[in-house]
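This report is meant for a reader who is meeting the structure for the first time. Please look through the sequence and the model shown here before reading on.

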Amino acid sequence: MNINFKHEWIETNIGLMAVLTMLAISVGGLVEIAPLFFIDKTIEKVEGVRPYTPLEQRGRDIFQREGCYLCHSQMIRPFRDEKLRYGHYSLAAESQYDHPFQWGSKRTGPDLARVGGKYSNEWHVQHMVAPRSMVPESVMPNYPWLLSTPLDLSDMAARMKALRKVGVPYSMTQAEYDANVTQFGETVARQLHIPDAQKNLIEQANFGNYDGDRSGISEMDALVAYLQVLGTMVDFSKYSDDAFVGDR
Amino acid sequence: MAVTSYSGAEQYNFDIVKKFSVMALVWAVVGMFVGVYIASELAWPFLNFDSPYFSFGRFRPVHTSAVIFGFGGSALFATSYYVVQRTCQTRLISDGMASLTFWGWQTVIVLAALSYVMGYSQGREYAEMEWPIDILVEIVWVSYLILFVGTILRRKQPHIYVANWFYLAFILATALLHTFNNLAMPIDLFSIVPKQAGRPIYSYRLSIVHFWALGFMYMWVGAHHLHWTALPDWTSSLAAAFSILLLMPSWGGMINGIMTLSGAWDKLRTDPVMRFMIVALSFYGMSTFEGPMMSLKEVNALSHYTDWTVGHVHSGALGWVAMISFGSLYHMMPKLWDTKIYSRKLVEWHFWLATIGIVLYIVAMWISGITQGLMWRAFDEFGNLQYSFVESVAAMMPFYAMRAIGGMFFLTGAAMMAFNMFMTIRQGKRESAALEAKLAAKMAHA
């Protein structure tokens with residue numbers, strides 16, 4: 001082999017340079033993207049994780065709209081202090097129906113991955129309207145408009161259809177509904193049926209009365225419903241302490 | 001160096017460079033103002049004013065997109081169009097396309113900022129809004145690539161100038177990622193630093209190694225933002241390893257830059273623009289050391305989720321990207337309008353305000369970040385958590401205030417620069433008008 005390589009070839013040929021640059025960049029890019037596909041295969045086998053109900057999903061939309069993820073992570077790391085403070089570390093399986101993930105990267109406020117059930121609905125409502133009335137040292141903004149803004153229900157079905165396109169098993173047909181009954185049980189499957197979305201949402205909001213005001217459905221209803229379900233889907237008492245170590 | 005006259009010259013399309021330069025400064029002031037505002041909200045929460053439109057969560061993306069896309073993006077367009085034309089000694093292949101990239105890009109930033117405030121978060125909502133912006137970005141970026149490569153094809157000499165390799169890689173990588181991520185490539189190192197120093201680049205061979213190593217490794221490191229999460233462990237280990245490797249080309253580039261400046265150290269005393277560049281290079285070296293260190297899993301366990309990350313980002317964004325962009329604009333803008341900087345005194349003020357501002361910012365975030373990390377993991381003698389979360393929030397207050405003040409320093413400097421450049425442009429226009437009047441008078445007499 002006596003190829004006398006000269007870097008000059010590349011320096012004088014923009015096409016060659018573009019191709020080689022593309023190659024150099026792509027190798028790492030591919031390896032970086034690979035995990036995103038790989039993650040489907042390393043999802044832990046765990047019971048209880050289900051897609052959000054229409055009301056919870058609307059709450060999640062509001063969580064996103066207000067940029068909550070900029071100050072609150074939803075990803076508990078496998079450390080002793082985090083276990084004591086927040087609970088069991090987050091599993092990949094727990095965010096499999098989240099599009100996009102709300103893992104976050106900053107904790108100006110505490111992690112919310114398992115905030116569900118830790119505080120009462122009344123606490124959440126009061127804390128959202130005036131955080132410093134509950135936690136004097138807090139730097140969280142007030143969100144009074146969530147209580148006064150009626151929840152927009154009109155595009156519920158469209159939102160669920162969009163999520164269905166990216167793989168969340170909301171059902172359109174009888175066959176899909178039946179499959180959900182098998183996978184999640186009948187109570188959950190009914191909540192995931194797109195044609196009944198609005199009816200289900202109104203029912204859950206009226207029954208749960210999350211914002212403490214029965215006169216209508218506010219954005220607060222949806223947000224609190226979402227917060228209260230976070231991290232509660234998996235019952236960790238059913239699993240041994242090291243049940244998920246192999247998946248890491 | 002003799003001042004070369006470009007005004008009226010048809011050889012280059014400098015109109016587009018001027019437009020992008022001006023907008024870079026406008027977005028710098030706007031974006032940094034919003035940055036100071038949201039920093040103040042964290043220190044003094046009443047500033048959220050119970051309004052959806054000013055609340056931290058909606059306002060922060062306005063800050064990030066105004067400074068990254070508005071300021072950084074416009075500065076990149078401006079310097080790349082300037083450098084590619086000058087080094088290839090040819091005009092951009094299409095004025096129409098150049099205009100398209102300008103108006104398209106500015107529209108993107110305005111639409112994005114408005115949509116965040118209205119509550120459509122960064123392409124995350126399923127609302128239609130996201131698609132028009134996305135497509136517009138795509139159109140602008142493809143036009144940019146065609147324009148850039150097309151202009152290089154028309155170059156007057158066989159070799160492609162080093163700075164243009166980096167611009168090309170940046171354009172391609174961005175196209176690949178569809179996002180800016182944290183790519184901050186040391187482009188101006190190879191054009192404007194040597195120019196301002198009046199010296200050739202220190203090592204050509206080093207730039208070759210720097211280029212390929214950086215291009216190859218940059219994309220591997222993404223997962224270092226996801227240590228200890230539900231991603232498989234091996235991906236984050238791999239990312240950490242490449243982050244460490246990345247230190248080598250990064251520092252290679254820095255050494256190349258500093259060695260280029262060496263021998264021109266006297267200019268540090270006489271040339272305020274040089275000061276911006278040397279400080280920028282220093283911060284480049286510092287933050288490319290800090291980054292790999294933070295990508296180590298053990299360090300990351302402490303630093304992640306804390307203000308340390310915010311400080312790190314800003315030592316790169318303010319210390320390196322903003323400082324080198326300021327330096328480049330100070331170098332370019334007087335030449336574009338064929339005049340001298342209106343006030344060198346103001347440039348010096350800007351330099352010191354910016355430098356002090358960065359130091360205040362970073363030190364505040366180091367202290368608060370490490371304090372947070374340590375408080376969160378502290379145990380008392382009985383093995384219980386020593387602090388509640390909110391105790392760590394309360395401990396942050398002085399540092400959030402200090403950070404906001406650092407930001408104010410930096411913003412004040414940027415505003416001074418905007419004023420200085422506004423006056424420079426006015427001065428340039430007045431001078432050329434006077435020159436033309438003189439010529440016209442002469443012609444009339446002849």
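## Enclosed cavities

A cavity, in the sense used here, is a set of grid points where a 1.4 Å probe fits but cannot get out. The model, which is predicted rather than determined by experiment, holds six cavities of 30 Å³ or more. The largest cavity has a volume of about 250 Å³, and among the 21 residues that line it, those closest to its centre are Tyr52(A), Glu94(A), Ser95(A), Asp98(A) and Gly231(A).

By class, the lining of the largest cavity consists of eleven nonpolar, six polar and four charged residues.

## The second largest pocket

Which residues are the closest to the centre of the second largest pocket? This pocket holds about 790 Å³ of space, and of the 37 residues in its lining the closest to the centre are His72(A), Gly109(A), Pro110(A), Leu112(A) and His127(A). The elements that each give two or more residues to this lining come from both chains, namely helix H4 (80-86), helix H5 (121-129) and helix H12 (219-229) of chain A, together with helix H2 (56-88) and helix H14 (389-445) of chain B.

H5(A) provides the largest share of the lining of the second largest pocket, with four residues. Sorted by class, the lining of this pocket has 23 nonpolar, nine polar and five charged residues.

## Where the two chains meet

The size of an interface is often expressed as the accessible area that is lost when the parts come together. For chain B and chain A, the buried area is about 6,300 Å², and carbon and sulfur atoms give 68% of it. In terms of residues, 72 of chain B are in contact with 71 of chain A.

How many salt bridges are counted between chain B and chain A? The count is two, and the side chains of Lys106(A) and Asp307(B) meet in a salt bridge with an N to O distance of 2.9 Å. Across the interface of chain B and chain A there are also nine residue pairs in polar contact, with both residues at pLDDT 80 or more. On the side of chain B that touches chain A, the residues divide into 45 nonpolar, 18 polar and nine charged.

## Backbone details in loops of chain A

In the loop between H4 and H5 of chain A lies Pro100(A), which is joined to His99(A) by a cis peptide bond with omega of about -10 degrees.

Another loop of chain A, between helix H11 (197-208) and H12, contains Asn209(A). The phi of Asn209(A) is near 40 degrees, which is a positive value in a residue other than glycine.

Key
Residues numbered from 1 in each chain as written. Chains lettered and ligands numbered in written order. Predicted model: local features only at pLDDT ≥ 70, side-chain atom pairs only at ≥ 80, totals over all residues. Heavy atoms only, no water. Contact = heavy atoms within 4.5 Å. Buried area = accessible area lost by both parts, 1.4 Å probe. Salt bridge = Lys/Arg side-chain N within 4 Å of Asp/Glu carboxyl O. Polar contact = N/O pair within 3.5 Å; in protein donor to acceptor, adjacent residues only side chain to side chain. Nonpolar A, V, L, I, M, F, W, Y, C, P; charged D, E, K, R; others polar. 1 Å grid on protein atoms, 1.4 Å probe; cavity = no way out; pocket = protein on both sides within 12 Å on 5 of 7 lines; lining within 4 Å. Points joined across faces, edges and corners; volume = space filled by probe spheres on them.
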